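Subject: Structure handover

Hello,

Here is the structure I said I would pass on. My notes on the ligand site and the salt bridges follow below it.

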Amino acid sequence: MRTASDLQVVVRVADLRAAVAAARSTGATVGFVPTMGALHDGHLSLIERARQLCSFVIVSTFVNPLQFGPAEDFQRYPRDPRGDEAKAARGGADLLFSPSVNEMYPADRAVTVAPGPVGDAWEGTVRPGHFAGVLTAVATLFHIVGPDVAVFGQKDFQQATLITAMVRDLRFPVDIVIAPTVRDADGLALSSRNAFLAGADRARATLLIAALRAVEAAFRSGETLVPPLHRVGTEILAQDGAVVLDYLAFVAPGSLTAVTHAEPGTVVLIAARIGATRLIDNIVLTR
Ligand code: AMP
């Protein structure tokens, strides 16, 4: 069994590069799971997937200031460095990379990655600049780590779409793997931000997946027009006035443009606020 003592913990870029070079000199392939820490079983499932595909697995925990707006929760985002070490080791990672902001970015950093139009839709409308921040961090981490494979969660569908596009367009030599969303027993998608949901808000949060599943059931019963499918979802959310819908969107994979007819492969994106906590989820429709 792997123990916490098997896990290398690295905070410096130079040390990370030396560790990767040492692993590669023994013929290892490198799998990479970038996260913002406060690790949960969703993150662990990505580590396990990387473990199946590669012999040396790196998980990063970096709360990236570039992807938070000025009024967002960067300061209060959950941080749990001790717990992250224990979970990364238990999950089967070989190395935990946990750089400071100063280690990641030069003080006079000026260049960012532009996501293009997909970055302005959905989450990008509510969070301007968010995806430029995400892609800049992921591109930086890819250049530091140089992985063969990087694993991301379907939970953040738009993010996974944009990272796939960045790797394709900018020719990063890395295979992107998208792993399914891990959920609590009641269906709520695991998220570090679920820690903010106290009392009744935790139960309210299950309305997101309830709405998505109702839409899926209606689609499987034969409804393909988006307006009635949309109504099925919003009626579920309307059961509780404390859940404020940002969007419920039916989109084509890849372009994430809205569709008027749903078909197998159509992605249903949802974002809602419960008090100060913003939650997102999605499903891909199947017959
Ligand atoms: P985060 O730490 O929230 O930035 O997420 C880091 C990675 O974990 C991203 O690729 C997320 O999509 C993924 N992730 C977050 N929550 C889940 C989940 N419930 N199931 C699977 N992957 C997840």
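A polar side-chain atom of Asp-156 sits 2.7 Å from an oxygen atom of the ligand in this predicted model. His-43 also places a polar side-chain atom by a ligand oxygen, at 2.9 Å. Leu-190 takes part through its backbone instead: an N or O atom there lies 2.8 Å from a nitrogen atom of the ligand. On its own the ligand would expose 480 Å², and the protein buries 93% of that.

The shell around the ligand holds 17 residues, with His-43, Gly-153, Asp-156, Val-182 and Leu-190 the closest. By type, eight are nonpolar, seven polar and two charged. The largest share, three residues, is from H2.

His-40 belongs to the loop that runs between E2 and H2. Is His-40 buried or exposed? With a relative accessibility of 19%, it falls under the 20% limit and therefore counts as buried. A polar atom of its side chain is 3.0 Å from the backbone nitrogen of Gly-42. Beyond the neighbours within four places in sequence, His-40 contacts Leu-190, Ser-191 and Ser-192. Leu-190 is also among the residues closest to the ligand.

Now the salt bridges. The count is 16. One of them pairs Arg-24 with Asp-148, where the closest N and O atoms are 3.0 Å apart. This pair connects distant parts of the chain, with Arg-24 in helix H1 (residues 13-25) and Asp-148 in the loop between helix H6 (130-145) and E5, 124 residues apart. Arg-24 is partly exposed, at 32% relative accessibility, and Asp-148 is partly exposed too, at 27%.

Another salt bridge joins Asp-169 to Arg-168, with 2.7 Å between the closest N and O atoms. Arg-168 has a relative accessibility of 59%, over the 50% limit, so it counts as exposed.

Glu-216 and Arg-220 form a salt bridge as well, their closest N and O atoms being 3.8 Å apart. Both are in helix H9 (residues 206-220), and because they are four residues apart there, about one helical turn separates them. Glu-216 counts as buried, at 17% relative accessibility, whereas Arg-220 is partly exposed, at 46%.

Regards

Definitions and conventions. Residues are numbered from 1 along each chain as its sequence is written. This is a predicted model: local features need pLDDT of at least 70, side-chain atom pairs count only at pLDDT 80 or more; totals for chains, interfaces and linings use all residues. Side-chain values use heavy atoms; hydrogens and water are left out. A residue is near a molecule or strand if one of its heavy atoms lies within 4 Å of it. A polar contact is a pair of N or O atoms within 3.5 Å; within protein, one must be able to donate a hydrogen and the other to accept it, and residues adjacent in sequence count only if both atoms are side-chain atoms. Accessible areas come from the Shrake-Rupley method with a 1.4 Å probe; for residues, only the protein chains shown count as cover. Helices (H or I, at least four residues) and strands (E, at least two) are DSSP runs, numbered from the N terminus. Ala, Val, Leu, Ile, Met, Phe, Trp, Tyr, Cys and Pro count as nonpolar, Asp, Glu, Lys and Arg as charged, and the others, Gly among them, as polar. Buried means under 20% relative accessible area, exposed over 50%, partly exposed in between (1.4 Å probe, protein chains only). Contact means heavy atoms within 4.5 Å. A salt bridge is a side-chain nitrogen of Lys or Arg within 4 Å of a carboxyl oxygen of Asp or Glu.
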